[in-house]
Amino acid sequence: MKELRMHGKGGQGIVVGGETLSNAFLNAGKFLAVMPSYGVERRGSDVTAFGRLSDEPVRENCMCYEPDYLVIFDPSQLKKPATYKGFVPGGVIVACGTDPEEVLSMGVKPSKLVMVDGIRIAYEVTGNNLTNMIMCGAFCRAVPELPMEALLKAIEENLPKNFQKTSILGAQRGHDEAVVYTYEIHGEHSKKAPAWTRHVLACREPEKPRYEAPWGNGAEKIVTVDTGTWKVVRPVLTEESCIRCGICATYCPIQCIRKGEDGYFRADLDYCKGCGVCAYECPKKALTMVQESEFRKA
Amino acid sequence: MLKVLSSNEAAAQAAKLARINVAAVYPITPQSQISEDVSKMVARGELDCDIIEVEGEHSVMSSITGAAVAGARVFTATSSLGLAYMNEPMMFAAGMRVPMVMVDVTRETSAQRGISTSRQDAASTRDCGWLEIDPADGQELLDSILMAYRLSEDPEVLLPTMVVSDGFFMSHLYEPVDVPEQEQVDRFLAPVSERRRTQFSDGKAMQFALSLSGKDYIQYRYHTLKAIDHVKEVFPKVEKEFEEIFGRSYGGLVEEYRTEDAEYLLMTNGSASGMAKNVIDAARDAGIPIGLARIRMFRPYPREEVVRILRGKKAVGVIDRSICLGWNCGHLFQEARAAIACEENMPKMLSFIDGISTMDITREHIELAVGMTVAAGNGEPVQETNWLSWE
Ligand code: SF4
Ligand code: SF4
């Protein structure tokens, strides 16, 4: 039994990616049970999915805390400690990015690290940040038990016809363009002693909740979500075309577009999540969505 | 044929294989995929079924009750608040002795906007007069839905059946599921036309919910009770027939896993059972004689089976995903403890509450439950009810 954890963003097709891997493993005679984490999933927010791989049908229906495989679908997840939590030393990491140091600097000890420039390939293949099939292809490269033919067959048999061409191309490029790094791992990974060895006669009680009942103004519970970290594209204004009508500001779903002193409407990039609604609604086509990587280079 | 399906998709496949005639489903997380899949099957012409569009779950239950008395094989699925909203017509359906199958994809109820898992919704309907089957994974859910129609439509039973699927931990888990051939299913479950109870052909008017009072009323109540109880005899037979055709079976009313020579037991239902089996295997390897009793049928409650399995054990730890508010324990615990009261040579019972809201019933939590159950069996003063969530 091997545990697998996938990290990415809502809208990158992680659930479909997991389902496709499950179909691919089934083609290769193995069982992969996959389950996304749940919550209020929105395009751009962090998404995690769990998988268990076995030669037999999998009987556990739980999340995974000590993954042997990590698949990271988006570069934004590379710098987050939560991505690597519990990763078993000597396991395999398949990551969307180009610099292995970005992963290794997080303190993990993979025996194999497979990196692929997924976002670039995704934009070339599909025109957006949908990296799922690219990462599935890279996963095949990392895990010899899963032959590429099994993945391609899974795509052909299970994905809707209109996605097949780009999916196959993405998977193939993910596989072929992935760079494999291998490392020697020393020492045994010691497993935790089973909890039944703890001598517990009563479980802990919770602390008293903040409110007697869940009433209150909730002020101290308000959290600001950095929706700005979700974006892979940002709106860029061409002032010559803009008529300062403010339609973009009206439609922005998170209301981050404000009128400046010069009368132009601009997005607050700390919160802009790059959804592109403003550019779509602008009557003068004065807004263009430009890839974040363009600005990173600058 | 093995197909990668979520439990929600497996439920929709089962409804199709059962050749349902009428469905009414109101979408709600985490059940919506079932209603969407059934609607798609009808739209694509793969399933000859009428879908009644309704404005809420009360009407869902009311409309399919009507369709079922008119002779249709009906289906629905719901969750949480939807199930609560159906409570009144659910009691009606059971009182009218209407055969139907509903999938409840479990979810926390309204307080604090619980959209995550918990079996509180299903537990709150335990005395509605419905049968309740509790599968542990997508395959068993598909199979149980087919068996549920056989039970519901059995002339000696004629009661609605709820098949419970754990929200998210089953509903959103994708894994290979063996989808049977239609021809096999047809052999197991005859088309409903052959089992039709109501005939309108002679043009006579019929009334379906006679109004009764006093002893006449109680007489029907008593008959309903007998019919529910009778399921304990029918179900193992249905499962045996199922096994003959499909080659799968799950162990009757209560599945026993490594119980024969066990001194201690865990008790679970639903999706927590797989990990519990894993922990039991590990504990056995470490020399702890422990087994698992998985309650597969909660209504009727398999009292006799529970007494038989628990007799002579030292301690039993029951893991629940629901809370008897007003009595600090879980529902499985409460019923098992009631079943063994006044019986001789019975174990010490512990209640463990876990897996509510976004909390997972983890390996570590189950291991802890094993340790505490063993301690209780050895006479140590272990607290009766324990919430594993803060461990
Ligand atoms: S909608 Fe377009 S034209 Fe109007 S203010 Fe925004 S950017 Fe300018
Ligand atoms: S892309 Fe435009 S509409 Fe979307 S969040 Fe950013 S500013 Fe608002």
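1. R266(A) is partly exposed at 36% relative accessibility, a class that lies between buried (under 20% relative accessible area) and exposed (over 50%), computed with a 1.4 Å probe on protein chains only. Its partner D262(A) is likewise described as partly exposed, with a relative accessible area of 38%, and the two side chains meet in a salt bridge with an N to O distance of 3.1 Å. A salt bridge here requires a side-chain nitrogen of Lys or Arg within 4 Å of a carboxyl oxygen of Asp or Glu.

2. On the basis of the values: this is a predicted model, in which local features need pLDDT of at least 70 and side-chain atom pairs count only at pLDDT 80 or more, while totals for chains, interfaces and linings use all residues. Residues are numbered from 1 along each chain as its sequence is written, chains are lettered from A and ligands numbered from 1 in the order in which they are written, and side-chain values use heavy atoms, with hydrogens and water left out.

3. Within chain B, R150(B) and E241(B) form a salt bridge whose closest N and O atoms are 3.0 Å apart. R150(B) lies in helix α7 (residues 138-153) and E241(B) in helix α9 (residues 214-246) of chain B, so the pair ties together parts that are 91 residues apart in sequence; helices (H or I, at least four residues) and strands (E, at least two) are DSSP runs numbered from the N terminus. R150(B) counts as buried at 12% relative accessibility, whereas E241(B), at 32%, counts as partly exposed. Separately, a network of salt bridges links E140(B), E239(B), E255(B), K277(B), R294(B) and R296(B).

4. Over all chains the count comes to 46 salt bridges. E364(B), in helix α13 of chain B, and K192(A), in the loop between β7 (179-182) and β8 (233-237) of chain A, are a pair that joins two chains. The closest N and O atoms of this salt bridge are 3.4 Å apart; E364(B) is partly exposed with a relative accessible area of 37%, and K192(A) counts as exposed at 61%. Four salt bridges are found across the interface of chain B and chain A.

5. In that interface, 49 residues of chain B are in contact (heavy atoms within 4.5 Å) with 34 residues of chain A. The chains bury about 3700 Å² between them, 61% of it on carbon and sulfur atoms, where buried area is the accessible area (1.4 Å probe) that two parts lose on being put together, summed over both. In chain B, Y174(B), W390(B) and E391(B) lose the most area to chain A, together 17% of what that side buries.

6. For the two domains of chain A, an assignment that is automatic or from a database gives domain 1 (2-185) and domain 2 (227-297), and their centres, taken over C-alpha atoms, are separated by 32 Å. Nine residues of domain 1 of chain A are in contact with six residues of domain 2 of chain A, and these domains bury about 620 Å² between them, 57% of it on carbon and sulfur atoms. Zero salt bridges are found across this domain interface.
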